[in-house]
Amino acid sequence: MTGRALGVAAGVMLTLVLTAGASRAERPTIRVGSKSFTESYILAEIVAQIIDETGEARAERRLGLGGTGLAWGALASGAIDIYPEYTGTIAQAILKEPALTSLDVMRTKLGARDVIVSAPLGFHNTYALAVRREEATRLGLRTIGDLAAHPGLRAAFDPGFLERADGWPGLARHYGLRFDDVRTMEHALTYPALAAGRVDVIDVFSTDGQLARLDLVLLADDRHFFPDYAAVLLARRTLADTFPRTWETLGQRLGGRIDNASMARLNALADLEGRSFAEAAATFLGRASAPMPRRRIGELATLTLEHLRLVAVSLTIAVLLGLPLGVLAARRRRLAQAELMGVGVVQTIPALALLAFMIPLFGIGQLPALVALSLYALLPIVRTTHAGIGSLDPRLTEMTTVLGLRGWRRLAWIELPLASITIMAGIKTSAVLTVGTATLAAFIGGGGYGTLIVTGLALNDVRTILAGAIPAAVMALVIHAAFEALDRVVVPRALRAAAAAAR
């Protein structure tokens, strides 16, 4: 029984996968993406509802895909079909031509990549810097240029703003700005930080819903650094070719139809009144309410299955790869350090960066998330397998040779059972860690509990964040308890008794 340890563990994982849901045949889908801030969510939801209403295809929502790099990468790779973008971002971050302002030229350049651009939606969501009114009055701040005389101010900027050429790096050079304290902070969290006095300057969007609630001063861009950010839709050419009526309807219902005040009101519905993105979208489309979404319990059940699938599949792959690698490291001492170092290096790569690296190879969704999570889960399994087998008494090898046990028989019947306590500890550690790491899969459309966490961050809604974080913690505890029970099947009774006696 103990010689089948790997088979038992893998079988349990695969059973969880098979029970995690199955796909069903449906009408064609159009995959709608968004970035992970309120306005992008709402615009994407408006697009999705129009697609569903038109009837040519069903909208599949892939929302909350981080920043421009992830969203554009998903569109370029074919992982999504359409998402909302801004002309200034297209020029600066996508085409890498900051001086480009002509929409027609943008269409030509993107057309060479089989990407089409809709007519402008009507509003312009430009960047701006905001300060508290009392601070602006005290220091005499009216323009961005006035900040140059106050390097002691504390700034908090969105990660995208800190990295983009049309964000802080270019702005600082253009105006000669320098702050002693510049922090990275999710956009939705910068507002409460500014209101509480923990920071003094934040980046905002001119259509942010929270601007209506807080008494802030938007500093004038007196040297005209920020480009025009007209909202448009970016789509793959195949969308218009395959679903011409849908593309035409999107243009008719959205082209020039959303002004700045309307967009700010829609953002405020979500940011200030706690309305869902679907409800805000329905308000714009003139419906009394959104098409009935999945109820929260049903949504949580779906996210649980998605999260369980991520954990089960990635852990199964990690076990199937990690055990042989650990055995190889124990057999080849010279190879061991190089192998463990290589697996350890993967662990040092930030999880979100590793997920982003997977998009050009695998697109977005669960596949790239599974690859990244499997790589992250390897280290504890490889290391404990190497340690467990490598620490066995060498005299055992001599005895098994005399008994005629060699190769895989010695490994399956003697070495793996004797090292099973150590190996199972590594697998258990990987399983619990993977539950937490899997929440990041939502940033590339992988689903799971991270979907609620990302949405909560966009809205600065603690309840929504906890709605994803608490079930993830509960799942980690349940999986830990399941592996404690699995130890009784995999680990020989005598070894369990010896380990208990040693404690």
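The model is predicted, so local features are given at pLDDT of at least 70 and side-chain atom pairs at pLDDT 80 or more, while totals for chains, interfaces and linings use all residues. Residues are numbered from 1 along each chain as its sequence is written, and side-chain values use heavy atoms, with hydrogens and water left out. Helices (H or I, at least four residues) and strands (E, at least two) are DSSP runs, numbered from the N terminus.

**Salt bridges**

- The structure holds 21 salt bridges, a salt bridge being a side-chain nitrogen of Lys or Arg within 4 Å of a carboxyl oxygen of Asp or Glu.
- One of them joins R237 to D114, with the closest N and O atoms 3.7 Å apart. Because R237 belongs to helix α10 (residues 237-242) and D114 to the loop between α5 (103-111) and β4 (115-117), this pair ties together parts that are 123 residues apart in sequence.
- Both partners are partly exposed, R237 with a relative accessible area of 31% and D114 with one of 43%; here buried means under 20% relative accessible area, exposed over 50%, and partly exposed in between (1.4 Å probe, protein chains only).
- D200 forms a salt bridge with R132, and the closest N and O atoms of this pair are 3.3 Å apart. It links distant parts of the chain, since D200 sits in the loop between α9 (187-195) and β8 (201-205) and R132 in strand β5 (residues 127-132), 68 residues apart.
- D200 counts as buried at 6% relative accessibility, and R132 counts as buried at 10%.
- R132 and D200 also belong to a network of salt bridges that links them with E134, E135, R138 and R154.
- R164 pairs with D166 in a further salt bridge, in which the closest N and O atoms are 2.6 Å apart; R164 and D166 are both buried.

**Packing of helices α4 and α5**

- Two packed helices are described by the angle between their axes and the distance between the axes.
- The axes of α4 and α5 come within 11 Å and cross at roughly 50 degrees, where axes are lines fitted to C-alpha atoms, for helices over the stretch in contact, and angles run from 0 to 180 degrees between N-to-C directions.
- The two helices α4 and α5 are therefore oblique to each other, given that angles under 35 degrees count as roughly parallel, over 145 as roughly antiparallel, 65 to 115 as roughly perpendicular and the rest as oblique.
- On the α4 side the contact is made by T87, I90, A91 and I94, and on the α5 side by L103, M106 and L110, contact meaning heavy atoms within 4.5 Å.

**Individual residues**

- T54 is found in helix α2 (residues 38-54) and counts as buried at 14% relative accessibility. Leaving aside residues up to four places away in sequence, T54 touches R245, T246 and T249.
- K96, in the loop between α4 (87-94) and α5, has a positive phi of about 60 degrees although it is not a glycine, and K96 is exposed, with a relative accessible area of 61%.
- H224 lies in the loop between β9 (216-219) and β10 (231-236); its phi is near 55 degrees, a positive value in a residue other than glycine, and H224 counts as exposed at 68% relative accessibility.
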